[in-house]
Amino acid sequence: LVRVYKVTISLISLTPITARLASAVINTFSSTLITGFGYSPKDAALLNTASGAVSMASILIVGFGVRRTSNRWLWYIATCILGATGGALMSFLPKSNKAGLLAGIYLINCIVPTVMLTYNWMTVNTFNYTEKVINANLGSFLFNLGNLVGPQPFQSRDAPEYKPAKITLMATLLAPILFVLMLHTFHYRSNKSRPQSAKFKY
């Protein structure tokens, strides 16, 4: 049981750092990126308001989806795929395709539900209140670590394209998919030898 707990925490601890790196980038620099598409700062700020709507919609859809179907791992991967699609659009479309670039910015905000999914996943599979408190605080620490590191790839010398930052963004949007698949596989295999009352929820 201790080994299972350690593997679970080790894998799930990697997901908030990488996912939050992407969220921190968008939260901090989305208006800057939109300005780089050729919009004025005022227009960029107005266009960026749609990002909040996308974030709220994705949170509601994923929240109700997990409640109805469980499968946290599948919803997590779906949000990462949408975010990575947005990252690819934003990073590789020509500057003349403003609609596609904006769609990329908006799609990246689909990564936001990974916050609640990680907290839920870290606490739902703990078997006493001490572990729940430890896991919740660990999750908070890791998310804040991601927020701290996330904006660092954006350097003034790379303006206005910020290509190195965009490549980093793509990597941090795709990495959680690998970690979640590994965690799901580990839980699935572990459940085969566990009684029904002690099976992991994923």
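Sorted by class, the residues where helix 4 touches helix 6 come out as 7 nonpolar, 4 polar and 1 charged. Please keep in mind that this is a predicted model.

Now for the geometry of that pair. Helix 6 covers residues 114-124, and its axis lies 10 Å from that of helix 4, at an angle of about 155°. An angle over 145 degrees counts as roughly antiparallel, so that is the label for helix 4 and helix 6. The crossing of helix 4 past helix 6 is left-handed.

Let's stay with helix 4 and turn to helix 5, residues 98-108. How do their axes sit? They come within 7 Å and cross at roughly 150°, and these two helices are therefore roughly antiparallel as well. Here too, helix 4 makes a left-handed crossing. On the helix 4 side, the contact uses Leu-82, Gly-83, Thr-85, Gly-86, Gly-87, Leu-89 and Met-90. Facing them from helix 5 are Gly-100, Leu-101, Ala-103, Gly-104, Ile-105, Leu-107 and Ile-108. And what classes of residue do we find in this contact of helix 4 with helix 5? There are 8 nonpolar and 6 polar residues, and no charged ones.

Helix 4 spans residues 72-92 and helix 8 spans residues 163-191; their axes come within 9 Å and cross at roughly 165°. That angle makes helix 4 roughly antiparallel to helix 8, and the crossing is left-handed. From helix 4, the contact residues include Trp-73, Tyr-76, Ile-77, Cys-80, Ile-81 and Gly-83, and Phe-92 is also among them. Helix 8 brings, among others, Lys-163, Lys-166, Leu-169, Met-170, Pro-176, Val-180 and His-184. By class, this contact of helix 4 with helix 8 has 17 nonpolar, 4 polar and 2 charged residues.

Last, a word on rings. How many aromatic pairs does a search of the whole structure find? The count is 0. There is a charge over a ring, though: the charged end of Lys-98 sits over the ring of Tyr-39, 4.7 Å from its centre. Thanks, and I'm happy to take questions!

Technical notes. Residues numbered from 1 in each chain as written. Predicted model: local features only at pLDDT ≥ 70, side-chain atom pairs only at ≥ 80, totals over all residues. Heavy atoms only, no water. Phe/Tyr/Trp six-rings, centres within 6.5 Å; stacked < 30°, edge-to-face > 60°. Lys NZ or Arg CZ within 6 Å of the ring centre and 35° of its normal. Axes fitted to C-alpha atoms, helices over the stretch in contact; angles between N-to-C directions. Helix = DSSP H or I, 4+ residues; strand = E, 2+ residues; numbered from the N terminus. Parallel < 35°, antiparallel > 145°, perpendicular 65-115°, else oblique. Left-handed = near helix turned anticlockwise from the far one by under 90°. Contact = heavy atoms within 4.5 Å. Nonpolar A, V, L, I, M, F, W, Y, C, P; charged D, E, K, R; others polar.
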